[in-house]
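I opened this notebook to record what I looked up, entry by entry. Each entry starts with a spot in the structure and follows what surrounds it.

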Amino acid sequence: MTRKLLPLASALALLATPVMAEPLKIGLITTLSGPGAGLGIDIRDGFALALEQKGGKLGGQDTQVFEADDQQKPDVAVGLANRMVERDRVQVVTGIVWSNLALALMPTLAGAQTFFISPNAGPSQLAGAQCNPYFFNAAYQNDQIHEAVGQHVQDKGHKKVYLMAPNYPAGKDALAGFKRFYKGDVAGEVYTQVGQLDYAAELAQLKAAAPDAVYVFYPGGMGINFIKQYEQAGLKGAVPLFGPGFSFDQDILAAVGAAALGVKNSAQWSPDLDNPANKAFVAAFKAKYGRIPSMYAAQGYDSALLIDAAVKGVGGELKDKDKLRAAFKTAKVPSVRGEFTFNNNHYPIHNIYLREVVAGPDGAITNKTVATVFANHADAYAKDCPMK
Amino acid sequence: MDALLLAEQGLNGLQLGVMLFLMAAGLTLVFGIMDLINLAHGSFYMVGAYLTAALVPVLGNFPLALVAAVLLTALIGLAVEAVALRTLYRRDHLDQVLATFGLILFFNELVKIVFGPVPIFLNPPAALAGTVDLFGLKYPAFRLTILAVGIAVAVFLWLLIAKTRLGMLIRAGATNREMVMALGVDVRLLFGLVFALGCGLAGLAGAMAGPVLAVQVGMGEQILILTFVVIVIGGIGSIRGALVGALLVGIVDTMGRALLPSAFRMVMDAASANAAGAALASMAIYVLMAVVLAIKPKGLFPAA
């Protein structure tokens, strides 16, 4: 009798347990080797910190992270994305640092109905006419950062600004973004080779043009080369230098030291930003990794919090993509930059701050918030995006 | 453009040329004498820069750190030669390219493990951090130092190769290796010394470039391409060729970047002039290389 009942009982027991929600699988594709590795590692570490604080469960859901190195190469990133959507069946991909990689990945991820949460790359294409229902940017739209310095330089009454950037699409967008809000004269607009080492020739021309301010967009190693040489040429005290936050962030400051002191730059976040979420984040990051977080680390952290909020919003039910999208769009994220909302193109509307490079109390070179340039700033491309 | 600016640009060109010469001298020496294509030359440049950056805080003094870093780089070169490269001399160039490319990956990962992925700090010593007044021209003092060090290295190499017994063997080895071996010279030792010298020179280039450029993983590959352009223009294996090639590349590159955009602005609107000038300036040295190779296929001063 009992024997016969056993199968029935176990079948009943199976029915009685609530339907187990499927585990959350996230692909973290980022740059972990080569000259750009510092940025990817910060994104990964920021993301890992948030996941750890949530007890390994984003949105209360068992979370599995598939981490891979894209080597800063679009073809490698696409290969990894293919593997992750087909074999590992991830529902979300994040980690991408570079705009050109983001653009390369988008068709694969949209085709597989996989959400792409960008922790950094914010190309204008994905903000405007080619905006995508499967793309969300948790960081910024590239131009927003340059626009803020343009506004600041305009407000300060500079009349003759010299502009420099690498000769590639992001460099041209940078200077266009700056000029959208700066209305004075341009003393010179110079595009240099991508990866250029020596700027002596350009600095001599710059000095001869006698501008009253300089705006440069030089990410990574190019930024370090430029800032060192700008100081050594005796220009640092003579002509004020401005740049976007990513040319004067923690990854670069450690390498240039005092040469960057006093430079005003812009970002949606700063390590000293005064809100409880940020204070807790900066303290936890320093305790865990022993260094000051960069904006990339903050963005990686925010990306994890965004996924957490959205998954919670749908109660762990990840199959219905429309519901999940709505949950992403309306997610209340306790972001370290303070409050932000998503625009119709899935890019953030948020404050952009002016920061200054200072020596902190312990002597470490870092950024200090000095003003809010834009409150609730939306990007210039959202109007071209057909999404509502 | 006035004369003072032109003079400054000329100086910038010379200085870039001298920095390239420090790299090219070692590369061309190793290739000319040992017939070894060493793609990992840039890795020794990186090692030199990292060691200098690491030793400055320890030794508290830039020149001392530089000397120690150069010697250490040469020692590392000696070890790499003995462990990895000695078996490759008899293999063809493709095998050498593959093996030394592997060394690039090895050194990049090693440096990342030891020093971390983020670029590290290295500034010129305080005494050389400012500018010097040269007849009304304010020029960075450290760049003048690079110029002086480069000239000193050129003189040292000339003395070494033209006046010493080791130099005689090096010249003989470059001309006819088999004959030198047949005469009972310990070629294994000679090659080890030459390779260590090449690595030391790359380390010196890295130590001198570190305060001006980003000290980061992969910094060697960026300059390696320029260095190959230099030794191809100069003639592979020739120190004199490396010097002339490096100065030519330095001056053409600097002048191209300084003059082309303003030259284009005379004939077209500013936006297209900026774009065309920037594009052409980045091609200038490759055009130079193509022209030199068309006229002298073995470079300006072929070794043999």
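**Entry 1: a helix pair in chain B**

I began with a crossing: helix 1 of chain B passes helix 10 of chain B in a right-handed crossing. The contact of helix 1 with helix 10 of chain B has 19 nonpolar, 8 polar and 2 charged residues. For these classes, Ala, Val, Leu, Ile, Met, Phe, Trp, Tyr, Cys and Pro count as nonpolar, Asp, Glu, Lys and Arg as charged, and the others, Gly among them, as polar. A crossing is right-handed if the near helix is turned clockwise from the far one by less than a right angle, and left-handed if anticlockwise.

I noted the ground rules here. This is a predicted model, in which local features need pLDDT of at least 70 and side-chain atom pairs count only at pLDDT 80 or more, while totals for chains, interfaces and linings use all residues. Residues are numbered from 1 along each chain as its sequence is written, chains are lettered from A and ligands numbered from 1 in the order in which they are written, and side-chain values use heavy atoms, with hydrogens and water left out.

Back to the pair. Helix 1 covers residues 3-34 of chain B and helix 10 covers residues 239-265. They pack at an angle of about 145 degrees, with axes 6 Å apart. Axes are lines fitted to C-alpha atoms, for helices over the stretch in contact, and angles run from 0 to 180 degrees between N-to-C directions. Helices (H or I, at least four residues) and strands (E, at least two) are DSSP runs, numbered from the N terminus.

**Entry 2: the disulfide**

How many disulfides are there over all chains? I found 1. A disulfide here is a pair of cysteine sulfur atoms within 2.5 Å. The link runs from Cys131(A) to Cys385(A), with S to S at 2.0 Å. It is right-handed, with 80 degrees about the S-S bond. The pair links distant parts of the chain, 254 residues apart. Cys131(A) sits in the loop between strand 5 (115-118) and strand 6 (135-137) of chain A, and Cys385(A) in the segment after strand 14 (365-377).

Are these cysteines buried or exposed? Cys131(A) is buried because its relative accessible area is 10%. Cys385(A) also counts as buried, at 5%. Buried means under 20% relative accessible area, exposed over 50%, and partly exposed in between (1.4 Å probe, protein chains only).

**Entry 3: His350(A)**

His350(A) has 0% relative accessibility, so it counts as buried. Which side chains does it join by polar contacts? One is Gln144(A), at 2.9 Å. Another is Arg337(A), at 3.1 Å. A polar contact is a pair of N or O atoms within 3.5 Å; within protein, one must be able to donate a hydrogen and the other to accept it, and residues adjacent in sequence count only if both atoms are side-chain atoms. Leaving aside neighbours within four places in sequence, His350(A) is in contact with residues including Tyr140(A), Glu339(A), Phe374(A) and His377(A). Contact means heavy atoms within 4.5 Å.

**Entry 4: Ser266(A)**

Ser266(A) is in strand 11 (residues 264-267) of chain A. It is buried, at 0% relative accessibility. A polar atom of its side chain lies 2.7 Å from the backbone oxygen of Ile145(A). Beyond neighbours within four places in sequence, the contacts of Ser266(A) include Val149(A), Gly243(A) and Tyr353(A).

**Entry 5: Lys112(B)**

Lys112(B) lies in helix 4 (residues 93-115) of chain B. With 15% relative accessibility, Lys112(B) counts as buried. Not counting residues up to four places away in sequence, it touches Leu32(A), Ser33(A), Ala37(A), Pro117(B) and Val217(B).

**Entry 6: two positive phi values**

Most residues other than glycine have a negative phi. I noted Gln71(A), with a positive phi of about 55 degrees. Gln71(A) is in the loop between strand 3 (61-69) and helix 3 (74-86) of chain A, and is partly exposed at 35%. Gln113(A) has a phi near 50 degrees, also positive. Gln113(A) lies in the loop between helix 4 (99-111) and strand 5 of chain A, and is partly exposed at 41%.
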